[in-house]
Structure formats: structure tokens, C-alpha cells
Amino acid sequence: MTSTPPPAGAFVVPQIPRLPSTASSRNRVSIGSSFSFGPQPIISSFSAADMSSSTHSRPLALDPNRSMLPSSPRSSLRRYRRAKESTGRHPLANDSMDVFQDTEMESDNDDGEWGMIDRMRLWRHDSLMQHLYETAAFWGDKILSWTNDPNDAFWLAQTYFMTHQYARAERLLTRPFPAMTPKLQNAPLNGLEHGVVDDTTMGSLTADTKGKGKEGYPDTSIMPQLPMGDAGMVQIPEELQDSVSRLVDMSVACRYLAAQCQVRQGNWTDATEMLGEANPFRHSARSGRAVPNVDGGIKVEASMCHLRGILMLKLNRGDQAKLCFMEALTLDVKCYDAFDQLVSGEMMTPDEEWEFVQGLAYREQTQDDADFVQLIYTSQLRKYKHAEEHALTRRRLVEEFGLSDNPDVLFSFADALYAQFRWADCYVITTRILGLASIHDSTMPLHIACMYHLNHLHSKLFILAHELVEREPENPISWYAVGVWYLASGKWPQARQYFSKTSLMDPRFGPAWIAFAHTFAMEGEHDHAVTAYSTCARMFTGSHLPLLFVGMEQIMLSNHLLADEALNAAYAACDGDPLLINELGVMAFTHGDYQRAADLFKRSLELAQVTQSSQMSWTTTYLNLGTCYRKLKNYEMAKTNYQHVLEIEPQHPQGLGYLGMVYHHLGEIDKAIIKYHEALSIDPINGHLIELLNLALESDLCCGSLEKVYPGGEEAFRAMMVSLKTKVLDASKKPKVDKPGTDVAMSVG
């Protein structure tokens, strides 16, 4: 598929003034007052540093265009070893670079004999890979006590984060560390020449010079201890203030991790101050969509923008959250989390989604993989429009990239089928996906919805809900499945209870909010339904469905002005949904504009045919279109549409009744009577059909072909009617006598 050219109005990051630094206004006494928790100091350092200069201690750690890929299981103290040929190195022991990425890279120290600290660093990382987090924390703590190295502190903080010790990790990241790379001196150890750091970084290592080189042990007797103040705050002596700094001020990665810790603790304000209200790198010459990632990973700057968007959602600032996620994806197209928040959270309208995703800088940022990234993102977009492009995208992913059995690509197929109301076909695809991955977050709502629409699968829905609750009790989708089963069973209060629980567990789970409102609509509580749908519309501003449902409820309440307002707002958000076009036609019919209503119904059916949706789902629209033509006295077109309804569903009572009315208007009374009888055989207590049948019978008796219905033909019938009329007149002249069981009332008109 030829890539869509970027739209003219590509996303432009809005200009926000730089945040002032508060560091200069604080009294430098403790860690809380010596440093600003805002990001401006690190931005100032990054802007002022010459990336090619060796005078700046760790300039690369301040580069937001780098990722965390260079982080290694061994620290930044590379001069600890002299190169030596070795083939027994563990694959994790690759110390080419680290989080703080010093500028001096020596090619002759990649291999060598290991010291005790090296081995413990390997233990630490191998424990992380094997999910032995307590083991990693135990050895990592000892390593940090010996080295006092920022890189070791970062990895220990990562370990604490993985074990949900967020406060401990944050404290480690915000405590002071040496701000300059330690100066190294030559001293022998283990028979090798290596560097021994000064006493501000790690203790001296001793060696036994007798015989074969022998390993020494760290000596911490000369390590300075920073005094502790009130409440455990680290006090910084005056003589050390210029030589120490917090990890969050020395490394973008550390600042990002500290903000993650604060988010997990619910400290939204502190996390916002740590990250900044807006991207502080935005005005830097080394930031922007055209600046590629220098090491092939994901820019930390993009990750920080994504986290800032999460914070904005927590603070109920949805518009700012949307801009943050858009900026994150603009800075680095590989940041799928930001893409998922925009698409699954329905923050953008379908047209906005399409233009934004097609206009991202794929070539500039991932030149070799640009086509694939663009295709896989396009396949995840909503399917209301661009049906041909979506079909071609899926075909290319299958044929060119061999992803025919990938859950995400299969989900794209299932999503397209669901948008076409082809629930049985969609269920086949979702079943295959869940066979590959027992829980697929994007697929589960579709799978459950298909089971709801297909009546014969309700028993399987019951079993699935029980299995999910048993296996995944902390997953909101499990309780959503329970609520859908109660909804299918007509137990509205119980369904509402579980949908409410789902939305509490995940406030951004849109299907639960929609289903919660559905329970009120199905129960006949239309006012409560409008309130629930309106709340959903405020949360998911890019979705037209809540506004559509608000309009449908207002139609039920006969609030036509409010219905028009809601439906027009939904149409502005999405003009490609045939269901929405049908509802607009209903409102035009209600206002008496039958020609416009007919045009809207025809357009709805055209959109449904483009998407190859199930004909069964559109019988009501064909019925509405036939009624418009009947009102316009275009009986032939009305008859054609009613007959199409009966072709799709032969036992449709309204279709039979309306077709009988058309025959009645055309003077084909016999056919009208037959259709009325067929309709009443399906809906025997329909008062309107009974009245229409009586009217047709009377019309047939008075004006029809009487040879079929009266012995002797028309002349005999007229003679009988004259005789009957005479009897009625004679009876009216006699005195009235009330006799039980006598009734001479008879209509001869």
C-alpha cells in the first residue's frame, strides 16, 4: 500500500513558555530545599553542555533522544579492568555503556578478569531476568554501599520499582551522589592495572602481591557519610554542595523513573513537578520529530511525554492529556503506549486519528521499518471509514510481513467484521485470537459483545465469565463479562452493579461506561440513561457513540430539539457510521421532511453495503425507507423496499403490515387482506393491524370483486344490502325495548 502523504495540517506542538527554575530561590540546607524538583535544572545543564566536550561529566545522560538500551549489568566505572582475552563471559556482562554514559569509551577494557563487584553486578542483573527481585535488591544494595556509583543506584532503584517499593526507589533517586565522574589512579589489582576511584566514590581495593594475583575486598572505612537531618532528610555540608547532585538532576532516565514512582504512589502534584507541566525539552535544538533516536531505542523524552499524559488523565485534564500523547508519538513513533492511549481511549475522532497517524515521521525516525510501523498502526484504527485502505493494509501485513496468525492483525480483521455487524464471523476470529493468547485486551470486549448478540452463545458467555473471574479477578474485563451476561439475561440492576465495578477498576474502560448506560435505557429509565451517556461523552471525546445514544434516548422522550443537537454533534465527530445516518433520517421523518429522510436512509444503506455488513441488521432501515416513499405516495418504491425486508426476514410483522397498506393504497384489496392476515398470524394482538384488516374487508365488500366473496355475485349482494337496509329502518321506527342478548347495530357503510 502506498503510504498516505502527510496532511497539510500536521500536528504541531503548541508553544508553551519555559518553566522558571525555583532552585535559586531556595535555601540550600537539605535535599528538599537544595534542589528544585522541577525539570528546569536538568534542561539548563543539557542546554549548556557541549556534547563533544570532555569537561562535562556525564553529558550523554542528559540527552533526551537516548533510550535506556545502553544500560548494562556493570557500572560506569569501566577503567576497573584491563582488557584480556576471555571467551567465558556471561552475555549479560556487556559494559559498553550505561545509564550515565560517560564520554570516554576505551576499546581495550571490554573484557578482563572479574572482581567481586563485577560478579555481584552480574548476579543482580541475572536475578532481575529470572524475576528474583529480592535477590537482586540484596546484592544491589551491597554493591551500592561499596561503590556509591550513580549507575548502581539507578539499577537498585529499578529493582525497588519492580518490587513495588516506590517510596524507597524515589528516595534513592533523590538523594545526593557525586556530580563528577571519579578521577582514577593506576594501581595493581588481581595482577592487572586498573583504576581505583577516590574516596568520594568507592573504597580502596587491596591486593596481595605475593605470587599469583589475588582479589582484594572493598574498604569502606574512608567513605564519607553524609549527615542526616530531621525526618531522615540528607543534610549537605557547605563544602560538598558543589560536588554532589541528585540522580534526577544528572540523568533523564533517573528523573523519568522517579516520576514513575511518584505516579504509582498517587503523588500527582509531585510527579507533575518532576516532569514539568509541559515538555521542558521542547525548545531545545536537539528535540523534535525530525531528530532520530541516537541508539535505536525509544526516546526517554517520548516516554516522559507519555507519563505526563497519564498524569493529566489522573488530574481530569483530558485535553492536555491528548496533546501529551500526541507529542509523545510525534517525538518517537515507536512509543506504542501513547498510540494505544489515543486510539483505545478514543481521544480523537476517526478523521483526526487517520490524519495524525498517516502524518507521523516514520521515515525520519525508523527509515528501515517505516512501512511496517505505519501499516501496523493503521490496522489498529477504527473502521468507520477508509474501508479499502484498511483491507489493503491487512492484506499487506499478511502477505508481505507474514503476520497472518498474529493476534493484533487478527484483531484488525475482527474489528472490521464487528463494525459491519457480522457478529458470527467476528466471533470466529476472536475465538482464534483467544486460542493464541488466552487474554488479549483489545479482543476481549469484541468477543464478549459477539456472544451477547448471538443468543445461542449466552451459555458460553456464562462459562467464560466464571473462568475469567477465577483466573483474572484483578482484570476489569472479567467483571465486565459478568455484567454482560446479566445484561443478556435481562437482569438490569445486577448488570449495572458489575459495570460500575468495572469502571471503578479502570475508569478509562469505555465499553463498561456504555453498557452501564444501556442498562438504564433497556429498563426504560431514559432520563438516567441520558445522564450516563453524557458522562461517557465527556470522558471519551473522540467517540461519537455516546452522543448517538443520547440522541436516541431523547427521541424516546420526544425531546426533538435535544435529539437534533446530540445527533448533529455525533455526526460532526463521525460521518461514516450508517447507524447514525439512520437516526438522522428518523429525526427528518419526525419533522415531516420525508424526502430528506428518504435520502438519509438511502445513504445509510449505501454505507452499509460498502462495509459489506449483514443485511439482517438493516431491515429497520429498509422499512423506514419504504415508509418515507409511502408518505411521498411513491407506492412502487415503497413496495420494493417492503418486499426487500421480507426477503431478508419473511416473518417480519411490520414489513407484512406495511406491504398490505401499499396494496391497499394501490387498490389491490385482496393482496392487502392476505398480508394483513399473515401479519396478524405473527402478531395477533396488534390493534393497528386488526383495524386495517377490518377496513380492507369493508372496502372489499363495498368496492371489490364480489363474485369471490358472496354467492350470486354482485347483484345478489346489492339485493341483500337493500333488504338489510329496509329491515334496519323498520326496526328504528319501532319502540325500543331493552332485551338482553339483542344487538342490531351493524355498519353498512
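A residue is called buried when its relative accessible area is under 20%, exposed when it is over 50%, and partly exposed in between. The model is predicted.

Q: Why is tyrosine 658 called partly exposed?
A: The relative accessibility of tyrosine 658 is 27%. Partly exposed covers the range between the buried limit of 20% and the exposed limit of 50%, so tyrosine 658 counts as partly exposed.

Q: How many aromatic pairs does a search of the whole structure find?
A: The search finds 20 aromatic pairs. Among them is the pair of phenylalanine 421 and tryptophan 618, with 5.5 Å centre to centre and 85° between the planes. An angle over 60 degrees counts as edge-to-face, so this is the term for the pair of phenylalanine 421 and tryptophan 618.

Q: Why does the pair of phenylalanine 421 and tryptophan 618 link distant parts of the chain?
A: Phenylalanine 421 lies in the loop between α17 and α18 (423-436), and tryptophan 618 in the loop between α28 (594-610) and α29, 197 residues apart. At 21% relative accessibility phenylalanine 421 counts as partly exposed, whereas tryptophan 618, at 4%, counts as buried.

Q: How do you know that the charged end of lysine 501 sits over the ring of tryptophan 479?
A: The distance from the charged end of lysine 501 to the centre of that ring is 3.5 Å. The distance limit is 6 Å, with a further limit of 35 degrees from the ring normal. Tryptophan 479 also belongs to an aromatic cluster with Phe462, Trp485, Tyr486 and Tyr498.

Q: How do you know that the span of helix α29 agrees with its number of residues?
A: Helix α29 (residues 619-631) has 13 residues, which at 1.5 Å a residue should span 18 Å; the end C-alpha atoms are 18 Å apart, so the two values agree.

Q: Why is α29 described as largely enclosed by the rest of the structure?
A: Of the 13 residues of α29, 11 are buried, so the description applies. The buried residues include Tyr622, Cys628 and Arg630.

Q: What makes aspartate 152 buried, and with which side chain does its own side chain make a polar contact?
A: Aspartate 152 has a relative accessible area of 0% and is therefore buried. The side chain of aspartate 152 makes a polar contact with the side chain of arginine 124 at 3.1 Å, and the limit for such a pair is 3.5 Å. Aspartate 152 is found in helix α5 (residues 150-162).

Q: Why is threonine 366 called buried?
A: Its relative accessibility of 9% is under the 20% limit, so threonine 366 counts as buried. Threonine 366 lies in the loop between α14 (362-365) and α15 (370-379).

Note on methods
Residues numbered from 1 in each chain as written. Predicted model: local features only at pLDDT ≥ 70, side-chain atom pairs only at ≥ 80, totals over all residues. Heavy atoms only, no water. Helix = DSSP H or I, 4+ residues; strand = E, 2+ residues; numbered from the N terminus. Buried < 20%, exposed > 50% of the residue type's maximum accessible area, 1.4 Å probe, protein only. Polar contact = N/O pair within 3.5 Å; in protein donor to acceptor, adjacent residues only side chain to side chain. Expected span 1.5 Å × (residues − 1). Phe/Tyr/Trp six-rings, centres within 6.5 Å; stacked < 30°, edge-to-face > 60°.
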